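Dear colleague,

I am handing over the structure below, together with some notes on what was found in it. Please read them with the model open beside you.

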Amino acid sequence: MLRIGLLGCGRIGQVHAKAINGRSDATVVAVADAIPEAAAALAEQTGGRTAETDAIIADPAIDAVVIGTPTTTHYDLIHQTAKAGKAIFCEKPVDLSSARIRDCIDVVEQHQVPFFVAFNRRFDPNFATVERRIRGGDIGQVELITILSRDPSPPPIGYVKTSGGLFRDMMIHDFDMARFLLGEEPVRVFATGSVMVDPAIGDAGDVDTAAVILTTKSGAICQISNSRRATYGYDQRVEVHGSKGMLLADNMLENNVEFAGNAGFQTAPTMNFFLERYERAYALEMAHFVEAVTTGTPPSPGIEDGYRAQLIADAAAKSLAAGRPVEIG
Ligand SMILES: NC(=O)c1ccc[n+]([C@@H]2O[C@H](COP(=O)([O-])OP(=O)(O)OC[C@H]3O[C@@H](n4cnc5c(N)ncnc54)[C@H](O)[C@@H]3O)[C@@H](O)[C@H]2O)c1
């Protein structure tokens with residue numbers, strides 16, 4: 001039985017608590033949150049107790065720590081948890097600075113603790129199948145990838161201001177998906193972005209609409225399209241074109257019923273947002289983490305993957321500012 005301490009009882013902390021609760025080989029021993037009521041509510045749901053963050057990390061009766069706190073707190077919590085010798089499940093992004101992620105890699109390596117970065121989309125059954133079929137050779141050599149990722153509506157402006165910007169906060173998932181599907185490292189990025197959704201996002205120094213082209217050494221190309229708005233719901237699609245065929249993972253809909261009338265065909269709306277759309281992926285990533293730590297195999301994606309995605313995000317931000325392609329890393 002893997003004994004887990006959970007830090008952060010907000011949106012994502014609740015998702016992870018639910019995933020652990022659904023397992024017989026792991027248990028939530030204790031939860032912590034800066035807001036005591038948030039911790040108390042989740043403790044009641046999980047059957048764990050509430051505790052201070054420091055006490056959870058120091059507790060010898062806890063094997064692994066889930067870091068589901070805001071991104072700016074990850075760095076210190078990773079250092080503290082690694083020094084305590086516990087396995088780490090850390091939310092994305094690891095940090096907003098690649099130099100600071102290198103520090104985290106050092107402390108994780110020094111203390112030899114298992115580290116998992118929660119790029120949950122790799123565990124989505126559709127995207128995982130696309131990757132498996134690429135590696136199985138079904139479409140030959142990968143030539144062109146298209147990743148479309150659009151949120152139904154922008155987050156609160158307060159969130160935007162501390163998010164690190166669209167590339168480091170939102171497109172980081174797509175940069176990881178690009179690496180996952182390409183099977184090789186992108187070497188160059190060209191990014192462009194605009195403020196089309198909310199001028200307040202522009203005032204905060206960010207963009208809400210962006211397109212990026214990644215190129216690998218072999219010449220494979222990946223195009224990513226992000227928007228903080230999609231009037232028809234959460235839009236998450238992937239298409240991979242290769243020398244022998246094409247793989248397409250379409251949106252997940254609320255149901256599979258189609259209506260046809262004199263105005264044509266109509267489907268159900270897309271699943272509302274990430275909590276619903278990736279519910280299965282969240283459960284599967286936790287299953288992977290628990291199994292990896294229990295069997296002593298390194299969890300994947302690991303901290304190096306968090307770092308690689310961050311290097312692409314940094315280069316994309318640079319490319320946007322400079323208005324030209326930028327080499328990665
Ligand atoms: N993988 C995904 O799909 C996904 C989705 C959403 C958020 N995230 C990531 O998860 C992290 C948290 O995001 P969220 O949306 O859940 O935020 P949130 O604000 O809903 O929750 C964070 C919680 O952490 C608490 N907290 C702050 N500092 C703390 C500390 N030192 N110790 C204990 N608790 C503390 C806050 O009080 C809050 O309740 C971010 O890094 C974000 O990027 C990932």
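In which loop does Gln-112 lie? Gln-112 is found in the loop between H5 and strand S6 (115–117), where helices (H or I, at least four residues) and strands (E, at least two) are DSSP runs, numbered from the N terminus. Although Gln-112 is not a glycine, its phi is positive, at about 50 degrees.

Before going further, please note that this is a predicted model, in which local features need pLDDT of at least 70 and side-chain atom pairs count only at pLDDT 80 or more, while totals for chains, interfaces and linings use all residues. Residues are numbered from 1 along each chain as its sequence is written, and side-chain values use heavy atoms, with hydrogens and water left out.

Now to the ligand. It is surrounded by 23 residues, the closest being Arg-11, Asp-33, Thr-71, Lys-92 and Tyr-282; a residue counts as near if one of its heavy atoms lies within 4 Å of the molecule. By class, this shell holds 9 nonpolar, 10 polar and 4 charged residues, with Ala, Val, Leu, Ile, Met, Phe, Trp, Tyr, Cys and Pro taken as nonpolar, Asp, Glu, Lys and Arg as charged, and the others, Gly among them, as polar. Helix H1 (11–21) and helix H4 (71–83) each supply at least two residues of the shell, and H4 gives the most, with 3 residues.

Among the polar contacts (pairs of N or O atoms within 3.5 Å), a backbone N or O atom of Ile-12 lies 2.9 Å from an oxygen atom of the ligand, and a polar side-chain atom of Thr-53 lies 2.9 Å from a nitrogen atom of the ligand. An N or O atom in the side chain of Glu-91 is 3.0 Å from a nitrogen atom of the ligand. The protein covers 81% of the 850 Å² of accessible area that the ligand has on its own, as given by the Shrake-Rupley method with a 1.4 Å probe.

Two cis peptide bonds also deserve a look. The bond from Lys-92 to Pro-93 is cis, with omega near -20 degrees, and Pro-93 is found in the loop between S5 and helix H5 (98–111). Another cis peptide bond joins Ser-300 and Pro-301, with omega about 5 degrees, and Pro-301 is found in the loop between H12 and helix H13 (303–322).

With kind regards

Notes
Polar contact = N/O pair within 3.5 Å; in protein donor to acceptor, adjacent residues only side chain to side chain.
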